[in-house]
Amino acid sequence: MNTFDLVVIGAGPGGYVAAIRAAQLGLKTAVVEKEHLGGICLNWGCIPTKALLRSAEVYHLMHHLDEYGLSASDLKFDLKKIVERSRKVSSQLAQGVKHLLKKNKVTVFDGNGSLKDSKTVAVKSPDEKTTLLTAKNIIVATGARPRILPGLTPDGKYIWTYKEAMIPEDLPKKLLVIGSGAIGSEFASFYNAFGTKVTIVEVLDQILPQEDHEISERARKAFETKGIKILTKATVQSLSVKNNTVEAVFKTSDGELNESFDRVITAVGVIGNIENIGLESTKIKTENSRILTDQYCETHEAGVYAIGDVVAGPWLAHKASHEGILCAEKIAGKFPHAINKLNIPGCTYTSPQIASIGLTEKKAKELGYELNIGRFNAVGNGKSIALGEMDGFVKTIFDKKTGELLGAHLIGPEVTELIQGFGIAKTLETTESELMHTIFAHPTLSEMMHESVLDAFGQAIHL
């Protein structure tokens with residue numbers, strides 16, 4: 001009964017999607033999960049943070065009612081209820097994953113899964129009993145955990161990881177966020193919206209270092225306008241808890257600084273969960289806490305695959321899910337396309353939102369492309385003006401010789417919803433011609449995309 005065509009270790013957005021797709025393709029499938037169906041993303045990452053940020057967005061709008069001809073008095077928030085709503089959203093979706101696995105007849109084993117060899121998974125249940133599962137194929141989808149820097153170890157009370165930052169009992173008056181990637185910037189936006197005095201520290205010379213430099217600059221300006229203090233080219237040398245506060249020592253280009261905070265969030269990336277899963281009993285190779293795989297996610301051990309945050313980046317839920325489907329189809333004898341990482345969009349749900357796909361301007365130039373670059377500001381878009389959200393722009397980057405869309409970078413209202421348009425365009429290998437001749441509905445935010453493309457070739461109408 002414990003023999004399967006496929007066993008998936010980990011039920012995050014990569015693992016549970018792989019299991020469902022495999023079952024759809026007729027494979028007898030099991031998934032092993034030691035903690036939460038849906039993984040970190042659904043329970044402690046993507047979903048609950050978006051619920052928190054939605055509350056922040058509504059609260060922000062409440063303080064600008066006069067701009068819309070509205071009024072209200074005694075505006076306030078209940079932090080406990082905000083957190084409760086976030087947890088309820090996660091719980092609802094976790095139950096949904098459970099239902100989907102059952103519907104697709106995927107067998108779920110609760111416990112910690114580890115490889116005994118390339119065809120056997122040992123599952124240690126919460127009561128310490130071990131069950132052996134035999135599998136023709138195995139997918140490792142064990143995810144990742146927060147990276148901890150020396151001397152900056154979280155204590156769960158004053159120095160937080162993302163998990164503690166999502167369930168605060170009280171709102172800190174002063175907050176230090178170490179790291180300005182998507183996680184750090186989103187938490188900075190959330191706490192700032194409710195009145196916390198936030199400082200972001202980034203070791204590199206720009207915040208959101210994965211983004212195009214113009215997007216980063218606009219985001220920094222927007223954050224600072226909202227009162228967020230930003231230190232770039234800076235490091236936190238030490239943290240020490242004294243008298244219910246955290247004393248931080250910074251090293252900056254201007255010298256050493258000392259400042260105290262109520263709480264600190266460390267958001268300096270993640271490392272793969274490669275320990276205690278039996279990799280040493282296989283031919284699987286790792287590098288920098290990541291499992292090495294080929295273009296179809298197969299490891300150096302035939303029949304064993306790895307997906308999601310435990311392999312090379314970008315470390316995004318949608319990339320993990322796509323890898324899961326790719327693996328399942330490969331195992332089932334289909335012929336899936338390998339992932340082109342330049343076609344994977346990235347989204348950051350700050351205020352304003354940020355989204356991007358493909359090459360940045362800097363990277364495109366480093367690769368030797370001659371470029372046509374277009375830009376269109378939200379202030380020139382009718383829907384943006386009607387919404388009262390005019391801080392942002394769309395930037396498109398094309399190969400001057402071929403018209404290929406190399407990259408698109410957006411900041412502004414709802415751009416995390418707009419980016420899929422450029423994702424489709426890149427997947428279809430669209431050139432500027434198709435985008436120019438596409439009719440964009442009016443009035444919509446998507447018209448900014450069209451105008452940016454037109455601007456890249458000197459044809460913008462509303463610029």
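## Labels and the values behind them

Tutor: Leu61, Tyr68 and Leu70 make a nonpolar surface patch of about 250 Å². Keep in mind that this is a predicted model.

Student: What makes Leu61 partly exposed?

Tutor: Its relative accessible area is 32%. Buried means under 20% and exposed means over 50%, with partly exposed in between, so Leu61 is partly exposed. A residue of a patch needs over 30%, and Leu61 has 32%. Leu61 lies in helix α3, residues 46-62.

Student: How many disulfides does the structure hold, and how do you know that Cys41 and Cys46 form a disulfide?

Tutor: The structure holds one disulfide. The sulfur atoms of Cys41 and Cys46 are 2.4 Å apart, and the cut-off is within 2.5 Å, so the pair counts as a disulfide. A disulfide is a covalent bond between the sulfur atoms of two cysteines.

Student: Why is the link of Cys41 and Cys46 called left-handed, and what is the angle about the S-S bond?

Tutor: The angle about the S-S bond is -130 degrees, and with that value the link of Cys41 and Cys46 is left-handed.

Student: Is Cys41 buried or exposed, and what is Cys46 counted as?

Tutor: Cys41 has 15% relative accessibility, and the limit for buried is under 20%, so Cys41 counts as buried. Cys46 has 29%, which lies between 20% and 50%, so Cys46 counts as partly exposed.

Student: Which cysteine sulfur is nearest to that of Cys297, and why is Cys297 in no disulfide?

Tutor: The nearest cysteine sulfur is that of Cys327, 4.2 Å away. A disulfide needs sulfur atoms within 2.5 Å, so Cys297 is in no disulfide. Cys297 counts as buried, at 4% relative accessibility.

Student: What keeps Cys347 from a bond?

Tutor: The closest cysteine sulfur to that of Cys347 is in Cys46, and at 11 Å it is too far for a bond.

Student: Why does Arg290 have no salt bridge?

Tutor: The nearest side chain of opposite charge is that of Asp309, 5.9 Å away. A salt bridge needs the nitrogen and oxygen atoms within 4 Å, so Arg290 has no salt bridge, although Arg290 is buried. Arg290 is in strand β18, residues 290-291.

Student: Which residues is Arg290 in contact with?

Tutor: Leaving aside its neighbours within four places in sequence, the contacts of Arg290 include Ala144, Val270, Lys285, Asp309 and Trp315.

Student: How do you know that Arg145 and Glu275 form a salt bridge?

Tutor: Their side chains meet at 3.0 Å, N to O, and the cut-off is within 4 Å, so the pair qualifies. The structure holds 15 salt bridges.

Student: What does the pair of Arg145 and Glu275 tie together?

Tutor: Arg145 lies in strand β7, residues 144-146, and Glu275 in the loop between β16 and β17, so the pair ties together parts that are 130 residues apart in sequence. Arg145 is partly exposed at 29%, and Glu275 is partly exposed at 39%.

Student: What makes Glu214 and Arg375 a salt bridge?

Tutor: The closest N and O atoms of Glu214 and Arg375 are 2.8 Å apart, which is within 4 Å. Glu214 lies in helix α7 and Arg375 in strand β22, so this pair ties together parts that are 161 residues apart in sequence.

Student: Why is Glu214 called buried, and what does Arg375 count as?

Tutor: Glu214 has a relative accessible area of 17%, under the 20% limit, so Glu214 is buried. Arg375 has 31% and counts as partly exposed. Glu214 and Arg375 are linked in a network of salt bridges that also includes Asp212, Glu361, Lys365 and Lys395.

Student: Where do Glu224 and Arg220 lie?

Tutor: Both lie in helix α7, four residues apart, about one turn of the helix. An α-helix has 3.6 residues a turn, so residues three or four places apart point the same way. The side chains of Glu224 and Arg220 meet in a salt bridge of 3.1 Å, N to O.

Student: Why is helix α13 called mostly covered?

Tutor: Nine of the 10 residues of α13, residues 447-456, are buried. Those buried residues pack against β22, α10, β23, α11 and α12.

Key: Residues are numbered from 1 along each chain as its sequence is written. This is a predicted model: local features need pLDDT of at least 70, side-chain atom pairs count only at pLDDT 80 or more; totals for chains, interfaces and linings use all residues. Side-chain values use heavy atoms; hydrogens and water are left out. Patches are made of residues with over 30% relative accessible area and no salt bridge: like charges are joined within 9 Å, nonpolar side chains (Val, Leu, Ile, Met, Phe, Trp, Tyr) within 5 Å. Accessible areas come from the Shrake-Rupley method with a 1.4 Å probe; for residues, only the protein chains shown count as cover. Helices (H or I, at least four residues) and strands (E, at least two) are DSSP runs, numbered from the N terminus. Buried means under 20% relative accessible area, exposed over 50%, partly exposed in between (1.4 Å probe, protein chains only). Lys and Arg count as positive and Asp and Glu as negative; His and the chain ends are not counted. Contact means heavy atoms within 4.5 Å.
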